[in-house]
Amino acid sequence: MAAGGAAIAATNAANAEDLKTWTEPLKDEPTRHMLGRGVVAVPYGLPSKYESGVVRRNVGWLTADTIASISFTPWQDLHGIITPNGLHFERYHAGAVDVDPSKHHLVIHGMVKQPMIFTVEDLKRLPSHTAIHFLECPANGAMEWRGVQMDSMQFTHGMMSCSEWTGVKLTTLMEMVGVDPKATWFYGEGTDGSALQRSVPMEGAKDQHGNPIPEAYTSHYRDAMVCYAMNGEALRPENGYPIRLFIPGFEANMSTKYLRRLMFVDKPLVTYQETRHYIEVLPNGEIRQYNLVNEANSVINYPCPDYKLKGKGTYEIRGIAWSGYGKIKHVDVSIDGGKNWTQANLVEPVLNKCLTKFTLPFEWDGEERLIMSRATDETGFVQPTLKQLREVRGYNSIYHKNSIQVWKIEKTGEVKNVQIENV
């Protein structure tokens with residue numbers, strides 16, 4: 001920060017108790033008297049050894065094994081909106097597989113004029129599309145429905161990542177095969193052991209009982225793509241190499257990995273995953289099915305329970321917000337348990353169905369604080385309180401927990417995950 005005996009300039013943060021002024025020259029560190037590693041000593045670059053704790057983690061008791069399980073992205077250690085590929089959360093129904101791209105094919109058939117088959121190289125020849133979007137498991141936050149269980153942001157919000165995706169737009173492929181205008185659904189299928197199967201609605205879609213699917217769900221496919229790259233490199237096996245379907249804004253299980261088949265139909269196929277999993281039983285016994293969009297959500301990732309504040313003074317509250325319905329319009333932050341709110345600064349870029357970073361200066365007086373954020377998206381949807389969510393969905397739900405997250409800063413500087421009345 002300073003050299004040659006110059007005093008370190010005072011900054012807004014200099015009143016934090018652990019920050020000091022300095023007037024002496026800095027001592028030489030050993031690294032100033034040695035040669036470093038040569039080029040390609042690490043052919044595929046790795047993080048510093050001092051960042052070895054920044055890794056995906058799983059919760060051992062959550063699933064019977066790691067084959068049908070999930071890992072969590074360490075958002076408490078990330079500083080932007082892009083998730084490094086090696087930290088993207090994993091969700092397997094039958095483990096990650098290594099698919100030979102030279103032998104893999106995608107078939108598109110059903111209600112189409114001309115069924116077609118594509119190799120991976122065929123897809124890469126077509127006009128490409130690149131966009132930054134988040135991808136979120138609908139079970140993100142599931143362990144907190146009944147009460148506080150996890151004292152780490154990684155486990156409360158880590159079933160979500162955000163990447164730059166590259167592939168072929170689904171609408172391009174639909175034009176090539178000539179999809180019948182009467183087709184109202186399509187069905188994606190992967191080639192891994194789970195054969196994960198999901199039905200995706202389009203305009204005019206009705207469920208198996210003849211009830212219309214909400215229009216808000218029937219246009220997301222227009223942003224969909226068949227992806228072969230993520231953050232500028234080929235997809236990784238844990239994310240569906242060599243190709244996957246990706247539908248921005250929808251729950252992640254709709255974005256079928258190891259994609260091998262798309263079939264256009266005029267009704268949902270009501271698959272095992274659409275009846276056994278990914279449905280929600282409400283307190284009155286009704287079942288929500290085809291509840292597909294991840295609604296507006298936000299969370300503060302600094303401060304959060306993974307870190308301890310080192311003395312009172314000036315800090316910056318930082319967080320992330322996202323919505324499966326479009327752009328984030330604004331984010332409000334409270335430091336007194338929701339009694340008062342202040343609009344946070346949104347950090348560009350603010351993109352469609354993408355994470356948006358927000359910041360707010362924070363002067364900590366050393367007293368207990370209840371900090372939280374509340375996102376509003378461009379449709380006007382406001383992130384609900386946990387109380388509001390439970391009044392509709394009860395305590396036994398699993399999916400789509402997008403309620404306001406409260407962290408409590410103790411006088412010691414420790415940060416705790418809490419749930420408080422009315423929030």
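Two strands count as paired if DSSP finds at least two bridges between them; strands themselves are DSSP runs of E with at least two residues, numbered from the N terminus. The structure is a predicted model, in which local features need pLDDT of at least 70 and side-chain atom pairs count only at pLDDT 80 or more, while totals for chains, interfaces and linings use all residues. Residues are numbered from 1 along each chain as its sequence is written, and side-chain values use heavy atoms, with hydrogens and water left out.

**View 1. Pairing of strand β18 with β17 and β14.** Strand β17 (residues 345–347) pairs with β18 in the antiparallel sense through three bridges. Within this pairing, Leu346 lies opposite Phe358 of β18. Strand β18 (residues 356–364) is also joined to strand β14 (residues 313–322), by nine bridges and again antiparallel. Here Ala321 faces Thr356 of β18.

**View 2. An open sheet of five strands.** The strands follow the order β16-β15-β19-β20-β21, with antiparallel pairing. At the edges are β16 (342–343) and β21 (415–418), each of which pairs on one side only. Strand β15 (residues 328–334) runs antiparallel to β16, and two bridges join them. Asp332 stands opposite Gln343 in β16. Strands of a sheet pair through backbone hydrogen bonds.

**View 3. The largest pocket.** A pocket is an open set of points, on a 1 Å grid over the protein atoms alone, where a 1.4 Å probe fits and protein lies on both sides within 12 Å along at least five of seven lines; lining residues have an atom within 4 Å of a point. The volume, about 670 Å³, is the space filled by probe spheres set on the points, which are joined across faces, edges and corners. The lining has 26 residues, of which Arg91, Ala139, Ala142, Ile398 and Tyr399 are closest to the centre. By class, 14 lining residues are nonpolar, seven polar and five charged; Ala, Val, Leu, Ile, Met, Phe, Trp, Tyr, Cys and Pro count as nonpolar, Asp, Glu, Lys and Arg as charged, and the others as polar.

**View 4. The second largest pocket.** This pocket holds about 360 Å³ of space. Among its 18 lining residues, those closest to the centre are Pro47, Val54, Pro84, Gly86 and Leu87. The lining comprises eight nonpolar, six polar and four charged residues.

**View 5. Confidence and the segment 1–14.** The average pLDDT (the predictor's confidence in each residue, from 0 to 100) is 93 for the protein, and 95% of the residues score at least 70. Over residues 1–14, pLDDT stays under 50. For this segment the model has 16 contacts beyond four places in sequence, a contact being heavy atoms within 4.5 Å.

Notes:
Helix = DSSP H or I, 4+ residues; strand = E, 2+ residues; numbered from the N terminus.
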